[in-house]
Amino acid sequence: MIPLHDNIPTRSRPVVTIALILINVAVFLVQLSAPVQQLRTRAGNVVPVDGFSAVTAEYGFVPCEITNSCPLGDDTVDFGANAPIIVDHVPDALTAITSMFLHGGWGHLLGNMLFLWIFGNNVEDRLGRFRFILFYFLGGLAALGLQWAANMSSDIPTVGASGAISAVLAGYLVLYPRAVVITLFGWIPLPVPAMLFLAFWFVLQIFGATQGFGQVGGASDNVAYFAHIGGFIFGFVAVKLLDRGPPPRTVW
């Protein structure tokens, strides 16, 4: 079920949405091109770690570091084969922001950017650029807050724009309840009410979170479902506080 476009026109160019997409893509390319790093283990040995993993570990949000309760100790990551390697993380407060621009792979990135483009441009148009930026980042922080509360002892980095984008999805649902989203089912594009599409998406997040509570991301597939839920709840509650006016007329 892939959204292609909606039926809500915008009144202005979505500058912030476009900028966020470009920044996310640029950061991901930096992740991919990061050189191999020579990092120390707890035993004092120096081992090579691929740049992508090292950047993710350094700039991702690690829940257990907030309370200094990481199983291997803070700034220590197990890269497999029971190899605890020391990674000097940036300050925890900063990783709450940097983690929003990291992604785990091309599929993760492209899926997030597609949802941000389809739903973000309309929310930005309704809120205005400054308030949309505020809404986006507060949504991302709320998402990480619930992710942290769900598993404070996790030492696996949480990355991705999904939490902030989840807030955008909820904001869209509240602001444009009668919108229609052209959605690809297999190879067939069909019109689906946005309310139905987003409600179904949210139910999937709840179902995913309940399948592996206590594991990374709240589920066994390493997806940060609790972050998605936290961002969505924030967006649903907060978007009206920043709303600046009614939507334009629906057209096709």
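Reply:
**Packing of the helices and the sheet**

In this predicted model, helix 1 (residues 15-33) and helix 4 (residues 106-127) pack at an angle of about 170°, and their axes are 8 Å apart. Because angles over 145 degrees count as roughly antiparallel, helix 1 is roughly antiparallel to helix 4. Helix 1 passes helix 4 in a right-handed crossing. On the side of helix 1, the contact is made by Val15, Val16, Thr17, Ile18, Leu20, Ile21, Asn24, Val25, Phe28, Leu29 and Leu32. Helix 4 contributes Trp106, Leu109, Met113, Leu116, Trp117, Gly120, Asn121 and Glu124. By class, the contact of helix 1 with helix 4 has 14 nonpolar, four polar and one charged residues.

That pair belongs to a chain with eight helices and seven strands. Of the 252 residues in the chain, buried residues make up 49%. Among contacts in the chain with a separation of 6 or more, 75% come from residues 24 or more positions apart.

Strand 1 (residues 2-6) is joined to strand 6 by four bridges. Within this pairing, His5 stands opposite Ile182 of strand 6. Six bridges join strand 6 to strand 7 (residues 188-193), and these strands run antiparallel as well. Here Leu184 has Pro189 in strand 7 as its bridge partner. Strand 6 and strand 7 form a hairpin with two residues between the strands, and in this hairpin Gly186 takes a positive phi near 65°.

How covered is strand 6 (residues 180-185)? Five of the six residues of strand 6 are buried, so the strand is mostly covered, where buried means under 20% relative accessible area. In a regular strand the side chains alternate between the two faces of the sheet.

The crossing in which helix 7 passes helix 8 is left-handed. From helix 7 the contact draws on Leu198, Trp201, Phe202, Leu204, Gln205, Ile206, Gly208 and Ala209. From helix 8 it draws on Tyr225, Phe226, His228, Ile229, Phe232 and Ile233. The residues of this contact of helix 7 with helix 8 comprise eleven nonpolar, three polar and no charged.

Apart from its neighbours within four places in sequence, His228 is in contact with Ser162, Gly163, Ser166, Trp201, Gln205 and Val223. The second residue is Leu204, which lies in helix 7. Leu204 counts as partly exposed because its relative accessibility is 38%. In sequence, Leu204 and Tyr225 are 21 residues apart, while in space they are 9.0 Å apart, C-alpha to C-alpha.

Helix 8 has a further helical partner. The axes of helix 5 (residues 129-150) and helix 8 come within 7 Å and cross at roughly 145°. Helix 5 passes helix 8 in a right-handed crossing, whereas helix 7 passes helix 8 in a left-handed one. The residues of helix 5 in this contact are Arg131, Leu134, Phe135, Leu138, Gly139, Ala142, Ala143, Leu146, Gln147 and Ala150. In helix 8 they meet Tyr225, Phe226, Ala227, Ile229, Gly230, Gly231, Phe234, Gly235, Ala238, Val239 and Leu242. The contact of helix 5 with helix 8 divides into 15 nonpolar residues, five polar and one charged. Tyr225, Phe226 and Ile229 of helix 8 take part in the contact with helix 7 and also in the contact with helix 5.

Technical notes:
Residues numbered from 1 in each chain as written. Predicted model: local features only at pLDDT ≥ 70, side-chain atom pairs only at ≥ 80, totals over all residues. Heavy atoms only, no water. Buried < 20%, exposed > 50% of the residue type's maximum accessible area, 1.4 Å probe, protein only. Pairing = 2+ DSSP bridges. Left-handed = near helix turned anticlockwise from the far one by under 90°. Contact = heavy atoms within 4.5 Å. Nonpolar A, V, L, I, M, F, W, Y, C, P; charged D, E, K, R; others polar. Axes fitted to C-alpha atoms, helices over the stretch in contact; angles between N-to-C directions. Parallel < 35°, antiparallel > 145°, perpendicular 65-115°, else oblique.
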